[in-house]
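Hi,

Here's the structure I said I'd pass on.

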Amino acid sequence: MDPTTAMYIAQGIHGLAYGMILFLVASGLTMIFGMMDILNLAHAAFFMLSAYFCYQFLTMTGNFWAALLLAPVATAFFGILMERFLLRRIQAFGLMSQLILTVGVSLVILAGVKIFWGTESLPVKVPPFLSGLVMIAGMEYPVYRLFIIAMSLVVLAIMALLLYKTRLGKIVRAAVSDAGMVNALGINVPLVSTFVFGVGIWLAGVAGVAIAPILMVFPGLEAQMGMDAFVVVITGGFGSLKGAFIVSLIFGLLSSYGVQFVSALAPVLMFAFMAIVLAIRPMGLFGERE
Amino acid sequence: MRNKKVQGILWVGLIVILTLYPKIFGIYYTNLFLTFAIFAIYSVSFNLLLGYTALFSFGHAMFFGVGGYGTALALKHIAGLSLLGALGIGLLGAIVLALILCPIVVRVTGAAFAMLHLAFGQLMYVLALKLRNITGGEDGIGGFPIPPFSIPGIISINMKDPANFYYFAITVLGVSLWIMWFFTKTPFGQIQVGVRDNAMRIEYLGFKVPQTRAVVYVVAGAFAGVAGSIFALFQNLISADGGLGILVSFGAIINTLVGGMGSFLGPVWGAAIMQIIQEVTTRYTDRVELVEGLILILIILFAPMGFVGFLRWAKQNLFTKTAAKAKLEKVS
């Protein structure tokens with residue numbers, strides 16, 4: 001295979017891996033909005049927090065798998081605390097108050113991370129058989145990126161099964177379209193909301209662990225991912241998992257090929273894409289609500 | 001009658017304080033006050049959209065930034081431009097941007113409006129970062145000449161003296177504030193509030209809702225541009241992060257919510273509170289983020305209507321009762 005094609009494929013894999021991580025973060029964000037009408041601006045802060053937890057568990061246990069399992073759960077626990085004790089209290093005051101509250105929480109998390117771990121970049125090592133390259137059909141692929149893609153697909157499959165094949169999933173989907181009616185049927189919607197919120201934060205946590213070995217762990221992770229995930233949710237349409245998935249992959253590929261062809265203008269591509277989509281469809285590609 | 005007299009005395013007092021301010025408090029606090037005033041005007045212009053027309057923008061910084069960049073670029077490239085000319089170019093830039101955007105954005109409201117602005121705002125920010133040969137990239141545009149304020153043949157005041165600049169800026173900002181206040185008090189301002197409360201009814205009354213929104217949008221953008229232009233002159237620098245960044249947009253939202261979005265002067269209170277918090281915390285601790293975050297959470301939990309809402313509550317529950325009681329005692 002000639003080197004140019006090989007380069008295209010390698011870039012494609014990078015793009016897909018980033019797109020998958022983006023989707024893990026964005027799916028939580030869009031689910032929480034769909035279910036509870038909450039724009040969680042602290043979502044990326046939880047993503048970063050999970051990366052730090054991963055570093056912490058890894059230094060304590062020395063086992064990457066333990067970190068991969070524990071860090072997102074610990075992060076989700078904090079997320080549920082925020083939903084239960086802060087967001088629920090101001091439900092009546094609407095979107096704006098929730099925005100300010102979540103901005104406040106993300107500032108506190110950012111400050112807390114800097115207090116406990118400092119501001120320098122912390123390295124996270126993956127187990128030996130996940131690092132390095134693998135040969136498939138005469139081409140070398142970075143194993144860890146393939147692992148990210150595979151893991152995200154597994155998480156996605158579990159989520160889809162949970163959402164479309166179980167009773168709980170049915171309740172969640174019903175609550176997304178009309179929470180008041182589901183509540184009137186005698187189902188404890190606030191409890192389900194807390195669960196969905198926890199799952200959303202857990203997904204962001206998984207993404208945080210996944211990205212830690214690639215970019216290292218540092219406070220700037222929040223700003224970097226926050227904007228991208230937000231843009232994905234907006235472009236895909238609020239509350240739409242399908243939209244988030246498609247747009248995540250488009251943005252992942254746009255950013256990896258964009259860097260290759262128009263390196264200076266790569267970040268502009270994403271926002272230009274969003275501006276064009278929104279100018280034509282203000283509710284996003286797959287959004288239904290105004 | 002007495003009320004009017006008291007008001008007059010208050011106005012005179014305010015003007016005297018503003019005039020003597022640099023002499024009393026020195027240069028450091030003058031600059032601090034000017035920063036507050038700039039962001040107060042910027043936040044009030046944001047509140048014209050949010051509080052009066054219920055249009056929630058995530059990207060108001062683009063008008064602020066374009067005003068700043070317009071002034072900075074004009075002063076850098078046009079030799080012999082007057083101060084008011086530079087200010088006018090910043091203002092014009094913001095108005096042109098608002099005119100370009102308003103056909104698209106006035107069709108939508110609510111979350112779509114907010115998101116559209118996030119998109120355009122970030123687009124402007126990234127463009128400012130990437131078009132390095134025009135905007136200077138991350139460094140922004142700095143060190144441009146600041147011309148003296150001059151009326152040919154009569155007067156010429158050196159604007160490099162901070163006190164002189166203070167008087168110039170405070171006059172411009174004060175006039176802007178007054179125009180915005182006047183704007184909300186006109187019959188047109190009343191239609192605006194009507195559009196916020198019940199757009200359909202206003203439409204039935206024969207007013208044009210999208211056009212009304214468009215006018216408010218352009219006015220709000222224009223005054224954000226004035227604030228940005230003054231900011232660029234004040235700092236002698238405009239950068240992508242300081243002028244167009246998402247934090248600048250959030251600043252307006254936070255000031256407005258902390259102050260109280262239901263009132264014209266709410267954002268001014270909010271800007272003052274946030275400025276004081278920042279000033280005090282930077283003096284005592286490095287953990288500004290932590291303190292700011294905690295304060296935002298506490299304000300939202302315990303005073304969700306903002307500072308003005310808190311004042312109103314206090315007036316109703318603490319002072320009115322005692323006043324009524326005193327009156328009763330007098331009668332008996």
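A definition to start with: the expected span of a helix is 1.5 Å times one less than its number of residues. Keep in mind that this is a predicted model.

Now try that on helix H3 of chain A, which covers residues 64–87. H3(A) has 24 residues, and from its first C-alpha to its last it reaches 33 Å, close to the 34 Å expected. Quite a few of its residues are buried, including Ala67(A), Leu70(A), Ala71(A), Phe78(A) and Met82(A). What do the buried residues of H3(A) pack against? Their partners are helix H2 (43–61), H4 and helix H8 (189–215), again of chain A.

Cys54(A) is worth a click too. Leaving aside its neighbours within four places in sequence, Cys54(A) is in contact with Ala67(A) and Ala71(A), plus Val124(A), Gly208(A), Val209(A) and Ala212(A). Cys54(A) also shows up in the largest nonpolar core, which has 186 residues. Together with Ile21(A), Val25(A) and Ile38(B), Cys54(A) touches the most other members there. Helix H1 (residues 3–36) of chain A gives the most to this core, namely 16 residues.

Then there's the place where the two chains meet: 31 residues of chain A are in contact with 29 residues of chain B. On the chain A side, H4 (94–117), H9 (221–236) and H11 (266–280) each supply at least two residues. H4(A) has the largest share, with 11 residues. By class, that side of chain A has 27 nonpolar residues, 2 polar ones and 2 charged ones.

Cheers

Technical notes. Residues numbered from 1 in each chain as written. Chains lettered and ligands numbered in written order. Predicted model: local features only at pLDDT ≥ 70, side-chain atom pairs only at ≥ 80, totals over all residues. Contact = placed C-beta atoms within 7 Å. Helix = DSSP H or I, 4+ residues; strand = E, 2+ residues; numbered from the N terminus. Nonpolar A, V, L, I, M, F, W, Y, C, P; charged D, E, K, R; others polar. Buried ≥ 20, exposed ≤ 12 C-beta atoms within 10 Å, placed from the backbone. Core = buried A, V, L, I, M, F, W, Y, C linked by C-beta atoms within 7 Å.
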